[in-house]
Amino acid sequence: MEVAALSPTSRPLPLLSTAPTHRLHLLPHRFVSGRRLRLSSRHEGFDCVRDGWGQRHSARKNGFLVTCSSSASVEPAATQEMGAVVPGEWSGDAIRQRFLEFYAARGHKILPSSSLVPSDPTVLLTIAGMLQFKPIFLGKEPRRVPCATTSQKCVRTNDIENVGRTARHQTFFEMLGNFSFGDYFKKEATTWAWELATKEYGLPTERLWISVFEDDDEAFNIWHNEVGIPKERIKRMGAEDNFWTSGATGPCGPCSEMYYDFYPERGSSDADLGDDSRFIEFYNLVFMQYNKKDDGSLEPLKQKNIDTGMGLERMARILQKVPNNYETDLIFPIIEKAASLALVSYAKADDAMKTNLKIIGDHMRAVVYLISDGVLPSNIGRGYVVRRLIRRVVRTGRLVGIRGDGHENPEGAFLPSLAEVVINLSTQIDPDVESRRKSIIAELQREELRFVQTLGRGEKLLDELLDEALLSAGNNGNKPSLSGKDVFLLYDTYGFPVEITAEIAGERGVTVDMKGFEIEMENQRKQSQAAHNVVKLSVGNETEIVKSIPDTEFLGYDSLSATAVVKGLLVNGNPVNEVSEGSEVEILLDRTPFYAESGGQVGDNGFLYVNGGEDRKQTAVIEINDVQKSIGNIFVHKGMIRQGSVEVGKEIDASVDAKLRQGAKAHHTATHLLQSALKSVIGSETSQAGSLVAFDRLRFDFNFHRPLSEEELIKIESLVNQWIGNASHLETKVMALQDAKNAGAIAMFGEKYGEESCGGPWGVIGTLWWNSCQ
C-alpha cells in the first residue's frame, strides 16, 4: 500500500559540503517497485519530546557542588591579571547552585534549561530565560507552578563582532532567572534580589547601584525606603533602557537593573551606568504589569508577572575578581587549551592575541551546546549559525598559530581537543552533553576539515582579486585597492579573516577599503539584530478574539464526531459574527474531534453541519480542509461554507473524514518505528530533523553524516518487520510527561507536548515499500 524511499536532501552551496539530512518518503505503492514490508503496529517505546517542564533538574541538582558559607564578602578593588584557580565557594557551578537553591527555599520550582532550539517559531534560537514560559505570560497556557527558577542556556549572535573585544559580550551564556506567574510581584522580587546579592553572594552594599524606569515611583520607593539604598545611587532612566516590551503589542512593563561598581572611589556625581569601564549590569528585574494595545495605550494586566535574568558569567566575573567574563572558570580553561595548542602564553600575550583566544573560548561553548541540542552545520537557519561560528574558530585558530591538530598531525583538526574541554565543563550545565561527546567531536572534526579546504580556495581567490586590483590600478593610474565588497565576500563566504586579507594585500602594495567593509558588516549586523534579538509575544490579527476564548477541548482520540458550539468566526483574520455561503472562514469551537496540525502531522479534514429548529434540520454545511493551533491550545478550523450560513453561538455537528484520519494515523505510527529502527541500526547519534505526516504519505528527515548503505537499509527493514511480527496491541495513552519518559519515550524533533499529553493519533500500518537511495 505504501512506498518508502530513503535519500539525502542536503542543499549544498558552492565550495561547501554539508552534513546530509536524509528523508524517508512513504508514497502510494503504484509509483514505485521495491521490497515489501508489512507493518501493523507501532514500537512499544512511543516518543514524547522533552520540554522545560520535565524533572531532569533533580539529577542536575544532585550533581551540584555543595557550599557551606552564605555570606562571604567580596574584596572591593583589584582584579586578577588573568584567570586562575577559583576557590570552590565561588566557582561558576557554585554560583549557579546558590541562585537556584535561594529561590527554591522561597517556594520556586527548579526547572531545567530548555533546548537552544525553541518551539517558538518567531525566534531562531533560545535567547532568554523567559522563552519557555511565553505561553504562560500570554495567558494561553495555565501555570503549572506559581513560581519557578531556572538556569537557561542561551545563544545570541547579534553582537558577534564584540566578542573578545569587550569584557562582557558572548554568543553563549547562561541566564539565571526567577519567575512569578501571578504569585508575587514588585516588592518581593526587589527585596529578594537585594538579599541574594548582598547576603548570599556577599556583594558590598556600597558597590551596588540601581536603575528604575523614570515613571516607576513604586520601584524607586521600594529600593530607597524599604531596601535602604541612597537616592544618589538610584538612577531613573528612560523607556529605551528600562521599559521592556515584547513587540508592537502584548505584555510589557518597567524594569529595574542592579549594577556593580568596580570603582566606587570615583563617587556618585555624574556617574554614568552605561560606562562599561566602571559598571556592569548583572541582574535585570522585569515587572510585567501592562498589556500594550494596538493603539499604543497601556492597560493593566489581570495577572502581573515577574521575569528576571542574572548573567552567570557576569556574576562569576565579579565574585572571582577577574577583569572580564572570559577569564572566569566557566570559559578560561578553553582559552588555556587554545593557547597551549598555539604554543603561546595567555599571560604574556598582547591584546590582539588575547582577543583571538577569547573568541575561540566563547565560540567553542556555543557550537558544542548547539550541536548537542541537534543543530548541525548547514547553509540555512540555525545550521548556518553553527557553521559561521565554527568557521570563525577555525580561521581565528590559524591566526593565533594553531597548525593542524596542534600536536603532531599537520593535516588534522584542533576543534576536537577544544571540544573535550567544553564537554568536561558541561556536567552541571547540561548533563546530556557528555552522553553526546562522541557525535559532537566527530561532527566538529568533519566540519573543520571541510572548511580548511574552503580556506585554501579563499586564498586562491584573494590572489586573483589582488592581481585584478594591481592591473586596474596600472591601467588607470590609481592606487591599487581591494573594494569593501570583495573583502566582505572573502570574510563572509570563505571565512577569510580581514586581518589576513589586509596583511597579504599590504605585502603586494594593495590597500583595503576598510570603510566599505564596515558598511557591509553593518548591513549584515542590522539584519541579524532585526531577525534574532526579539522574543515576540504578539500573534497578529487573532490577538483580540482569542483573549476571550478558552482552549479547545480535543475529543479526537476517542471519537471522530461530536457536537460543539461556535465560539468565534474569522474572515481574512478579522472577527465577524456571521459568514455566508461561498466564503472562506476560520471557525473556533469549544470542543472538537478534529486533530490540529502538530509535530509534522497535518490537520484533519471533514465537515461541520449546522442544524436549526426543533427538528434540527440541516441549514449549513462547512467543508474543513485544515486545522491549525493558535496561541496556547485554540484550534482554528479552516474551510469553505458550501451551503447556508453560520453564526457565532450556533451549535454544530463536527465530523472528521475517517478514511483520511486512518492514513495519517498509520503514517504517524510509522515515524516512530523508523525513528527507533534508525537509532538501533546506525546509532543514537542520529536525530530527527523534521517530518511530514500526511494522509497519503510520510516523509522522515534525519541528520547523519553520510548516506545509508544498502546493508543498513536491509537491517532497518528486518528490524521493522520483526516488530510487525510481534503484532503488538496498539493503544493510545495520555499520561504525565515524566511517566512517558520513564516508560521509554524519546524526543522527536519539532514536537512539543504539554505536561499531560503524548503525541497525535496512532494507527495500524498497511504495507510499506523501500525505494532505492537517491
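The entries below go from the whole chain to single residues.

**Overall.** I am working from a predicted model. I first looked up the secondary structure and found 20 helices and 28 strands. The protein has 774 residues, and buried ones make up 55% of them. I then checked the contacts with a sequence separation of 6 or more. Of these, 74% join residues 24 or more positions apart.

**Helix 19.** This helix runs over residues 710–725, 16 residues in total. From first C-alpha to last I get 23 Å, close to the 22 Å expected at 1.5 Å a residue. Which residues of helix 19 are buried? My list reads Glu712, Leu713, Ile716, Glu717, Leu719, Val720, Trp723 and Ile724. They span an arc of only 165 degrees around the axis, so they sit on the same side of helix 19. I noted two glutamates in that list, Glu712 and Glu717. On the face turned away from the buried side I found the exposed residues Glu711 and Gly725.

**Helix 18 against helix 19.** Next I looked up how helix 18, residues 658–682, meets helix 19. The two axes come within 9 Å and cross at roughly 130 degrees. The crossing is right-handed. From helix 18, the contact uses Leu673, Ser676, Ala677, Leu678, Ser680, Val681 and Ile682. From helix 19, it uses Glu712, Lys715, Ile716, Leu719, Val720 and Trp723. I went back to the buried list and found Glu712, Ile716, Leu719, Val720 and Trp723 there too.

**Helix 8 against helix 9.** I repeated the check on helix 8 (residues 332–341) and helix 9 (residues 351–372). Their axes come within 8 Å and cross at roughly 125 degrees. That angle makes helix 8 oblique to helix 9. Helix 8 passes helix 9 in a right-handed crossing. On the helix 8 side I wrote down Ile334, Ile335, Ala338 and Ala339. Helix 9 supplies Leu357, Lys358, Ile360, Gly361, Met364 and Arg365.

**Positive phi.** I turned to backbone angles. Most residues other than glycine have a negative phi. Lys321 is not a glycine, yet its phi is positive, about 55 degrees. I placed Lys321 in the loop between helix 7 (312–320) and helix 8. Is Leu343 buried or exposed? Leu343 is exposed, with a relative accessible area of 78%. Leu343 also has a positive phi, about 60 degrees, although it is not a glycine. I found Leu343 in the loop between helix 8 and helix 9. Lys321 is partly exposed, at a relative accessible area of 27%.

**Ile210.** My last entry concerns a strand residue. Ile210 lies in strand 7, residues 208–213. Its relative accessibility is 0%, so I count Ile210 as buried. What does Ile210 touch, leaving out residues up to four places away in sequence? I found Trp223, Ile229, Arg233, Ile234, Lys235, Ser256, Glu257, Met258 and Leu273. Ile210 and Tyr283 are 73 residues apart in sequence, and their C-alpha atoms are 9.8 Å apart in space.

Definitions and conventions:
Residues numbered from 1 in each chain as written. Predicted model: local features only at pLDDT ≥ 70, side-chain atom pairs only at ≥ 80, totals over all residues. Heavy atoms only, no water. Helix = DSSP H or I, 4+ residues; strand = E, 2+ residues; numbered from the N terminus. Expected span 1.5 Å × (residues − 1). Buried < 20%, exposed > 50% of the residue type's maximum accessible area, 1.4 Å probe, protein only. Arc of directions from axis to C-beta. Axes fitted to C-alpha atoms, helices over the stretch in contact; angles between N-to-C directions. Left-handed = near helix turned anticlockwise from the far one by under 90°. Contact = heavy atoms within 4.5 Å. Parallel < 35°, antiparallel > 145°, perpendicular 65-115°, else oblique.
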